[in-house]
Amino acid sequence: MTLRELLIDRVAPLKNLSDRTTKMYESTLDRFRDFLGHEPTVDDLDDLTAAKFLRWRQATQHSKFKLISPASLAKDSAHLRSLWGWLAKKRWKKSNGELLEFPDFARPRVPKPVPKAFQAEDLAKLVAKARTRKGYISGKPAAWYWPTKIMAMFQTGERIGAILELRWSEVDFQKNTLTFLAATRKGHRETITRPITPELARMLATQKGAPNERVWPWLDDREMLSLYGSLRVLCKNAGVEYHPFHSIRKSTASYLKRAGISAKKQLGHSSEEMAENHYYDEEITGRESNLDYLPPIDKPHEPPAA
């Protein structure tokens with residue numbers, strides 16, 4: 001049985017992995033297959049093989065744009081280690097009858113990222129340019145779809161995944177709120193309700209659909225790359241430096257921080273440390289200098305008395 005079969009037939013159902021997460025695991029197995037030259041099996045789960053795979057993955061260009069990022073390499077490593085660890089915990093055996101040992105290869109080091117958010121002025125440019133977009137997206141005018149989605153993401157601070165899963169039954173036009181169900185949010189732990197402006201509520205109402213329809217429909221997970229590509233085109237046309245959708249969430253966090261409000265509750269984080277390390281853009285929040293608190297130790301030079 002291949003690792004892919006084990007993932008789909010056993011691991012995904014038992015660990016209740018979402019379709020999207022399963023596809024991400026499969027993407028790692030695709031690269032592992034490319035490295036091995038055959039579909040990976042339990043027999044291929046060897047520390048030296050895994051270490052060589054990660055080195056190959058890091059040095060091999062799989063995209064016409066660039067080499068794999070440290071974060072993506074770490075994700076491949078984590079996927080392989082997680083799948084391997086589950087099999088070892090279940091005392092899976094290799095074809096020679098030996099028990100599969102737990103993984104012990106080194107984890108890739110990931111440099112701490114510097115949070116980068118969209119400035120409010122740039123988001124305003126994106127919204128303005130988005131209002132001029134032509135055509136339709138899943139039956140919705142693109143000139144409505146993109147401005148409202150960007151505004152909703154900024155006002156709520158919610159992730160793109162939950163935004164795309166929002167249904168019309170979760171939009172309250174009386175209270176001007178959006179409710180994101182736990183089942184559609186990262187971690188699947190908490191349902192949250194966030195206010196939106198009356199202006200955005202009015203814009204949404206012009207395209208209101210059936211209760212179970214998605215507010216911002218997209219084709220499926222396979223089209224996510226074109227969704228990001230469309231954002232890249234929008235940024236270029238608006239004269240704005242491209243950042244992924246998650247940077248809009250960082251914008252929300254950073255402007256709240258600048259106003260003296262912790263973004264912990266708004267983002268649904270368990271600690272302030274998460275926002276400090278991964279969300280606050282100092283270009284927005286401002287940089288705190290140690291020099292503001294240290295007393296001077298060099299006195300002005302005074303010429304000797306005559």
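This report covers selected helices, aromatic contacts and backbone angles of a predicted model.

## Basis

The model is predicted: local features need pLDDT of at least 70, side-chain atom pairs count only at pLDDT 80 or more, and totals for chains, interfaces and linings use all residues. Residues are numbered from 1 along each chain as its sequence is written, and side-chain values use heavy atoms, with hydrogens and water left out.

## Helix α3

Helix α3 covers residues 47-59. Helices (H or I, at least four residues) and strands (E, at least two) are DSSP runs, numbered from the N terminus. The 13 residues of α3 reach 19 Å from first C-alpha to last, close to the 18 Å expected at 1.5 Å a residue. The expected span is 1.5 Å times one less than the number of residues.

A50, F53, L54 and R57 are the buried residues of α3. Buried means under 20% relative accessible area, exposed over 50%, and partly exposed in between (1.4 Å probe, protein chains only). Seen down the axis of α3, its buried residues fall within an arc of 95°, so they line one face of the helix. The arc is that of the directions from the helix axis to the C-beta atoms. The face turned away from the buried side carries exposed L48, R55 and A59. Cover for the buried residues includes α2 (19-36) and α4 (70-89). Contact here means heavy atoms within 4.5 Å.

At the start of α3, a side-chain oxygen of D46 comes to within 3.1 Å of the backbone nitrogen of L48. A polar contact is a pair of N or O atoms within 3.5 Å; within protein, one must be able to donate a hydrogen and the other to accept it, and residues adjacent in sequence count only if both atoms are side-chain atoms.

## Helix α9

S230 lies in helix α9 (residues 224-238). S230 is buried, with a relative accessible area of 18%. Leaving aside residues up to four places away in sequence, S230 touches R133 and W146.

S226 also lies in α9. S226 counts as partly exposed, at 35% relative accessibility.

## Helix α10

Helix α10 spans residues 246-258. At 1.5 Å a residue, its 13 residues should span 18 Å; the end C-alpha atoms are 19 Å apart, which agrees. Its buried residues include S247, R249, K250 and Y255. Just after α10, G260 takes a positive phi of about 90°.

## Aromatic rings and charges

Rings of Phe, Tyr and Trp (its six-membered ring) pair if their centres lie within 6.5 Å; planes under 30 degrees apart count as stacked, over 60 as edge-to-face and the rest as tilted. The count comes to eleven aromatic pairs. One of them is W168 with F173, stacked at 6.3 Å centre to centre and 20° between the planes. W168 is buried, with a relative accessible area of 3%. F32, F35, F53 and W56 form one aromatic cluster.

A charge sits over a ring if NZ of Lys or CZ of Arg is within 6 Å of the ring centre and within 35 degrees of the ring normal. The charged end of R133 sits over the ring of W146, 4.9 Å from its centre. K140 lies over the face of W144, 5.8 Å from the ring centre.

## Positive phi in loops

R91 has a phi near 60°, positive in a residue other than glycine. R91 is in the loop between α4 and α5 (120-130). R91 is exposed, with a relative accessible area of 56%.

S138, not a glycine, has a positive phi of about 50°. Its loop runs between β1 (136-137) and β2 (140-141). S138 is partly exposed, at 40% relative accessible area.
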